[in-house]
Amino acid sequence: MLKLVGSVIIVFATTLIGFRMAHAYRERPRELRRLLQAVQQLQAEVEYHAKPLPRALVDVGQNSGGACGKWFVAAAKHLQEDGRGVADSFVAAAQSIVAESAYRLSDFDPLDGVAASLATMDTAHLHGQFQIAAQALEQAEVRAREEAERSARLWQYLGVLAAF
């Protein structure tokens with residue numbers, strides 16, 4: 001009886017691990033889409049509303065929600081409280097959010113150009129940087145969707161089969 005209970009627990013645990021890994025693969029394209037929408041909203045806040053960057057980041061973060069929203073709020077916090085530059089704030093926020101989300105550090109790379117430009121360029125040049133970042137995020141979303149289609153089901157099967 002004890003062996004049966006142990007076997008059931010092992011099957012359940014490995015299946016759960018497989019399904020959690022599959023969920024991360026399926027969630028990443030959604031997170032990238034949220035990030036793309038938030039970047040477009042940040043562009044509007046900076047270019048058209050002319051809000052100060054920390055306030056714009058907080059507003060976008062509150063509207064976005066989830067891990068994406070946490071990233072924007074964390075970037076604003078690093079910018080205001082730690083006295084970091086824009087690029088350093090974006091990197092620090094990304095590093096703090098990656099562990100608790102489906103994001104990878106490389107997902108935030110398209111925003112490096114935007115971060116470098118926010119402090120130094122006028123709105124005409126910023127528009128180009130935002131467009132480059134948006135295109136890169138769209139391509140990353142497509143790649144993440146393809147990867148999710150390939151890998152999510154594999155992880156589910158591996159989770160179940162690992163117990164046997």
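Which side chains meet in a salt bridge with an N to O distance of 3.1 Å? They are those of Lys51 and Glu45, where a salt bridge is a side-chain nitrogen of Lys or Arg within 4 Å of a carboxyl oxygen of Asp or Glu. Lys51 is partly exposed at 29% relative accessible area, while Glu45 is buried at 9%; buried means under 20% relative accessible area, exposed over 50%, and partly exposed in between (1.4 Å probe, protein chains only).

Before going further, a word on the model. It is predicted, so local features need pLDDT of at least 70 and side-chain atom pairs count only at pLDDT 80 or more, whereas totals for chains, interfaces and linings use all residues. Residues are numbered from 1 along each chain as its sequence is written, and side-chain values use heavy atoms, with hydrogens and water left out.

**Overall architecture**

The chain has 6 helices and 0 strands, giving the pattern α-α-α-α-α-α along the sequence. Helices (H or I, at least four residues) and strands (E, at least two) are DSSP runs, numbered from the N terminus. The radius of gyration is 20 Å, well over the 15 Å that the globule rule gives for 164 residues, so the chain is more spread out than a compact globule. That radius is taken over C-alpha atoms, and the rule is 2.2 Å times the number of residues to the power 0.38. Along the principal axes, the C-alpha atoms fill a box of roughly 70 × 30 × 20 Å. Of the 164 residues, 42% count as buried.

**Salt bridges**

The whole structure holds 12 salt bridges. Here are three of them:

| Pair | Closest N to O distance |
|---|---|
| Glu147 and Arg28 | 3.4 Å |

Lys70 in helix H3 and Glu100 in the loop between H4 and H5 are 30 residues apart. Lys70 is partly exposed, with 48% relative accessibility. Glu147 and Arg28, by contrast, are both buried. Elsewhere, salt bridges with shared partners join Glu27, Arg30, Glu31 and Arg34 into one network.

**The aromatic cluster**

Trp71, Phe72, Phe90, Tyr103 and Phe108 form one aromatic cluster, and the structure has 4 aromatic pairs. Rings of Phe, Tyr and Trp (its six-membered ring) pair if their centres lie within 6.5 Å; planes under 30 degrees apart count as stacked, over 60 as edge-to-face and the rest as tilted. Trp71 and Phe108 have ring centres 5.0 Å apart and planes at 25°, so this pair is stacked. Trp71 sits in helix H3 (residues 66-81) and Phe108 in the loop between helix H4 (86-98) and helix H5 (111-118), so the pair ties together parts 37 residues apart in sequence. Phe108 also pairs with Tyr103 in a tilted arrangement, 5.0 Å centre to centre with 55° between the planes. Tyr103 is buried at 3% relative accessible area, and Phe108 is buried at 5%.

**Two places in helix H1**

Thr15 belongs to helix H1 and is buried at 19% relative accessibility. Not counting residues up to four places away in sequence, Thr15 touches Gly159 and Val160, contact meaning heavy atoms within 4.5 Å.

Val5 is also placed in helix H1 (residues 2-47), and is partly exposed at 40% relative accessible area. Together with Met1, Leu4, Val8 and Ile9, Val5 makes a nonpolar surface patch of about 550 Å². Patches are made of residues with over 30% relative accessible area and no salt bridge: like charges are joined within 9 Å, nonpolar side chains (Val, Leu, Ile, Met, Phe, Trp, Tyr) within 5 Å.

Notes: Accessible areas come from the Shrake-Rupley method with a 1.4 Å probe; for residues, only the protein chains shown count as cover.
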